[in-house]
Amino acid sequence: QLSCLLKMVTLHGIPEDLDSYPKDLLLFLSPSDYAATGSCSQFFINIGKANVDVLPREAPRRQQLLLEALACLKIPGTQINEENTEILGRLVCDLGGEYIRSSGGSLLKDLSRCGSFLPDQEEAIRDVISSGNTTFGPPAAWSAFTLSELSGLIPVLDHSILQQIPK
């Protein structure tokens with residue numbers, strides 16, 4: 001339906017008020033199409049606010065959006081800073097384990113909003129948390145507030161991490 005709606009909206013070119021349309025609509029548009037109305041980073045800020053789960057995780061379109069976002073933001077390696085994490089929004093959920101490890105704790109809060117993880121993402125999350133080198137500190141120093149901030153990651157935590165969290 002969104003794909004059809006986009007075709008209707010863009011029938012006579014990209015409308016200048018595209019930002020006023022539902023963000024989910026942008027999932028079916030490419031950054032180059034959007035360029036006439038704004039920058040690629042603005043495009044991905046809007047995509048980051050969209051419900052990326054409209055597209056299945058394995059969908060080529062969703063994978064392409066992540067690659068285009070990383071290129072747009074000129075992220076040289078696998079380390080993503082907090083500013084770029086904000087721009088990526090829900091696309092953070094599609095980052096591979098190497099990005100999660102390289103970025104350390106800067107991705108944890110955003111990852112906690114993801115619905116599910118692939119095995120390599122889960123392993124990377126556990127590695128980052130176990131290292132204790134995050135803004136949340138080691139699990140032994142966590143509070144109830146920390147657990148609420150990272151609540152979406154609790155199913156990923158293994159027994160060795162859970163044992164360290166104070167009662």
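Of the 167 residues of the protein, 45% count as buried, where buried means under 20% relative accessible area, exposed over 50% and partly exposed in between, computed with a 1.4 Å probe on protein chains only. The structure is a predicted model: local features need pLDDT of at least 70, side-chain atom pairs count only at pLDDT 80 or more, and totals for chains, interfaces and linings use all residues. Residues are numbered from 1 along each chain as its sequence is written, and side-chain values use heavy atoms, with hydrogens and water left out.

The protein exposes about 8,800 Å². Carbon and sulfur atoms supply 53% of this area. Accessible areas come from the Shrake-Rupley method with a 1.4 Å probe; for residues, only the protein chains shown count as cover.

The protein has 10 helices and zero strands. Helices (H or I, at least four residues) and strands (E, at least two) are DSSP runs, numbered from the N terminus. Along the sequence the pattern reads α-α-α-α-α-α-α-α-α-α. Among contacts in the protein with a separation of 6 or more, 51% come from residues 24 or more positions apart. Contact means heavy atoms within 4.5 Å.

The largest nonpolar core holds 43 residues. Such a core is a set of buried Ala, Val, Leu, Ile, Met, Phe, Trp, Tyr and Cys residues joined through side-chain atoms within 4.5 Å. F44, L91, L95, L111 and I125 touch the most other members. At least two residues of this core come from each of helix 3 (40–49), helix 4 (60–72), helix 5, helix 6, helix 7 and helix 8. Helix 4 gives the most, with five residues.

One aromatic pair was found. Rings of Phe, Tyr and Trp (its six-membered ring) pair if their centres lie within 6.5 Å; planes under 30 degrees apart count as stacked, over 60 as edge-to-face and the rest as tilted. F43 and F44 form this pair, and its geometry is edge-to-face. The centres are 4.9 Å apart, with 80° between the planes. F43 is buried, at 0% relative accessibility. F44 is buried too, at 0%.

The count of disulfides comes to one. A disulfide is a pair of cysteine sulfur atoms within 2.5 Å. C93 is joined to C114, with an S to S distance of 2.0 Å. The link of C93 and C114 is left-handed, with -90° about the S-S bond. C93 lies in the loop between helix 5 (82–88) and helix 6 (97–103), and C114 in the loop between helix 7 (108–111) and helix 8 (119–131), so the pair ties together parts that are 21 residues apart in sequence. C93 is buried at 3% relative accessibility. C114 is buried as well, with a relative accessible area of 5%.

S131 is in helix 8. S131 is partly exposed, with a relative accessible area of 40%. Its side chain reaches the backbone oxygen of V128 at 2.6 Å. S131 and G104 are 27 residues apart in sequence, yet 9.0 Å apart in space, C-alpha to C-alpha.

E149 is in helix 9 (residues 144–149). The side chain of E149 makes a polar contact with the side chain of K109 at 2.8 Å. A polar contact is a pair of N or O atoms within 3.5 Å; within protein, one must be able to donate a hydrogen and the other to accept it, and residues adjacent in sequence count only if both atoms are side-chain atoms. Not counting residues up to four places away in sequence, E149 touches K109, S112 and F136.
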